[in-house]
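Visitor: I would like to learn how to read the features of a protein model. Please show me the structure and take me through it.

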Amino acid sequence: MTETVADAGRSRPATPDLRGFRRWTRAWLTAPDRGAARWLIIGVFLLTMAQVAIQIRFNIWNRDFFNALDRRDSAAFTDQILVFLALAAISMICSVYQLYLKQLIQINWREWLTRRLTGHWLRDGRHYQLEMGDFAADNPDQRIAEDVRVSTELAVEFTLGLLISLSTLIAFIGILWSLSGALPLALGGIAFEIPGYMVWAALLYALIGSSLTYLVGRPLVGINVRRTTAEADLRFGLTRARESGESIALIRGEADERRGVEALFGKVRDAVRALMRSQRNLMWLTSAYGTLAMIFPTVVASPAYFSGAISLGGLMQIGAAFGQVQASLNWFVDNFPRIAEWRSATSRLVTFTDALEDLDELHSAREIPTITITETPQGAEERLAFEDLQIAFADGTTVIDGASAEIALGERVLIRGESGSGKSTLFRAIGGIWPWGSGEIVIPPRDAMAFLPQRPYLPLGTLATALCYPRPPADIPEAEQKAALERVGLGALLERLGDEERWDRVLSLGEQQRLAFARLLLHKPRWIFLDEATAALDEANQDQMMELLLEALPDAAVVSIGHRPGLDAFHSRTLHLVKMEDGARFARPRRTAPERSAARWRIIRRSPKST
């Protein structure tokens, strides 16, 4: 293979940019299922403009209030108290509904993006291929659950904050310009004036602060990415230990698990310490910067007050206007740590979506060789065929090379081969979840196929949910569900169909495999693929399940992977995968006459026609 999906993934930039996030934003705002997103945004915008207008009126009130104090005018003072109460009430109403609409935008956007990413991830085996391939997109559950939340919530916060800061800056910079007047200076014997000098002072103060904040806090983005990844790895390690508790306890592996968890936490600790050091350095700067901002405007404007050019109310108004302008210009300084957190979450999401797009590119088979899956056309004779099939790992290593075979509807074929010859990988390729390789697989209609792995998947919920999966229990009459359980020897569970349990823990592996056969009886597929599906059963129970399958679905094709000698009797022929240096190939040894007769006799004996 000339190129693998891993190569395709590495062709992307090492650090994802924000174009992917901007693309999601445009998609959300133009999607038919966006809901009331646009109206919510318009509502937040109008409330924000109202808040800015109220702040302007508060600035004027600030002047009038302190002038009333300066004149000792009690009547004017009382009037300004009433004005303040009215402004405070209006501001409170605007703030409450602005917060509510902002939160609605955040949860709507998060819901839309979660649904979109989950739909892309849980489609056509992408979730499985992402784990098997060489992709830099680990812990997709954490990316969808946590990084989506951080990305959307902070994006709305930042957009609203920037809107408020920009509106406030535009509104108050004019006020500050008109109030501050001109600053007379003499330099080298030349006298000149700086008009609106308080505006220039605020700009200079904010520019210095923003530049220093960026230089000091720049490492925060990369450190946040490391910390988020380390936290996700630790959570995955703990979850894995919990899920495998029985196996760990039986082999006394607790000490090794503790070492593994400690090693994972060590990465978290190192990332957190690096983050603490970077935040400490940034805190020195922002603390000093914020403290100086408390007195800076008053000091700069005090000469005009002492000269009598402005009143006390004017000085307070200038200080308040300067504070609004400086706060607007300092938005970057105040939010840099959160920006770093947002950038790290967004980068992880972009990496995740890039990996999914790489998989889409792989399946499109334009540049990267992939296995071609051709579904039998409607009305045509159903068959399963391999034509010059090559199956490889994601890194390009060949597992099966040049395999060709054909299986007709109703045949019962056993596939054998030594461990590592690619039997299970072949089943994954038939199921369409293993794209790496070349050649063609002709498959029957997908809705006619059923796969039984060695450990069946039992979803969370009731026993009926696990039994009928992936169909909802309401689609299958309860009487049929109970009959299926009875036939596979799980009659003791008949009254527990509505019980919610962790059935993958309540049931033994053998009982889980029996439950999987009960599913087959309910779904009645025409093509059945068994991958060591009876490995946990003794030979007598294995024979019972296979006999039941052949009796209940006599016309179905059965393709099995298994090692037990007794399985031969339930199959009409055997395909052997023989490992070679350049990949396994099919070999078809002839059966001896006694073997053929014995197998034929047992198959006929189990056929419904013989009863």
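**Reading sheets, helices and cores**

Guide: In strand S7, valine 442 is the bridge partner of threonine 374. This is a predicted model, in which local features need pLDDT of at least 70 and side-chain atom pairs count only at pLDDT 80 or more, while totals for chains, interfaces and linings use all residues. Residues are numbered from 1 along each chain as its sequence is written, and side-chain values use heavy atoms, with hydrogens and water left out.

Visitor: How many helices and strands are there in the protein?

Guide: Helices (H or I, at least four residues) and strands (E, at least two) are DSSP runs, numbered from the N terminus. The protein has 19 helices and 14 strands.

Visitor: What is the strand order of the open sheet of four strands?

Guide: Strands of a sheet pair through backbone hydrogen bonds, in either the parallel or the antiparallel sense. Two strands count as paired if DSSP finds at least two bridges between them. Here the order is S3-S7-S4-S5, and the pairing is mixed. The edges are strand S3 (372-375) and strand S5 (398-408), each with a single partner strand, so one side of each has no neighbour in the sheet. S3 and S7 (residues 437-443) run parallel and are joined by four bridges.

Visitor: Which helix packs on this sheet?

Guide: Angles need a convention: axes are lines fitted to C-alpha atoms, for helices over the stretch in contact, and angles run from 0 to 180 degrees between N-to-C directions. Contact means heavy atoms within 4.5 Å. Helix H13 (residues 423-430) packs on the sheet and touches S3, strand S4 (383-392), S5 and S7. The direction of H13 makes about 120 degrees with that of S4.

Visitor: What is the order of the strands in the open sheet of six?

Guide: The order is S8-S11-S12-S6-S13-S14, again with mixed pairing. S8 and strand S14 (585-587) are the edge strands, pairing on one side only. Neighbouring strands are turned by 20 degrees against each other on average, direction ignored. Five bridges pair S11 with strand S12 (residues 557-561) in the parallel sense. Aspartate 531 stands opposite isoleucine 561 in S12.

Visitor: Which strands does H17 lie across?

Guide: H17 lies across S8 and S11 and runs at about 175 degrees to S8.

Visitor: Is H17 largely enclosed or largely open?

Guide: Buried means under 20% relative accessible area, exposed over 50%, and partly exposed in between (1.4 Å probe, protein chains only). Of the 15 residues of H17, 12 are buried, so this helix is largely enclosed by the rest of the structure. Among the buried ones are Gln512, Arg514 and Arg519. Their cover includes S8, H14, H15, helix H16 (503-506), S11 and H18.

Visitor: What span should H17 have, and what span does it have?

Guide: The expected span of a helix is 1.5 Å times one less than its number of residues. For the 15 residues of H17 this gives 21 Å, and the end C-alpha atoms are 21 Å apart, which agrees. Just after H17, lysine 524 takes a positive phi of about 50 degrees.

Visitor: How many residues are in the largest nonpolar core?

Guide: A nonpolar core is a set of buried Ala, Val, Leu, Ile, Met, Phe, Trp, Tyr and Cys residues joined through side-chain atoms within 4.5 Å. The largest has 41 residues, and those with the most contacts inside it include Leu485, Leu515 and Phe517. Elements that each supply at least two residues include strand S8 (449-452), helix H15 (478-487), helix H17 (509-523) and strand S11 (527-531). H17 gives the most, with seven residues. Leaving aside its neighbours within four places in sequence, leucine 485 is in contact with residues including Leu463, Leu467 and Leu515. A second, separate core of 40 residues includes Phe21, Ala37, Ile105 and Leu160.

Visitor: Is asparagine 59 buried or exposed?

Guide: Asparagine 59 is found in helix H3 (residues 37-71) and is buried, with a relative accessible area of 3%. Beyond its neighbours within four places in sequence, asparagine 59 is in contact with Phe172, Ile175, Gln317, Ala320 and Ala321. Glutamate 341, in helix H12 (residues 331-364), counts as partly exposed at 35% relative accessibility.

Visitor: What share of the residues in the protein is buried?

Guide: Buried residues make up 43% of the 611 residues.
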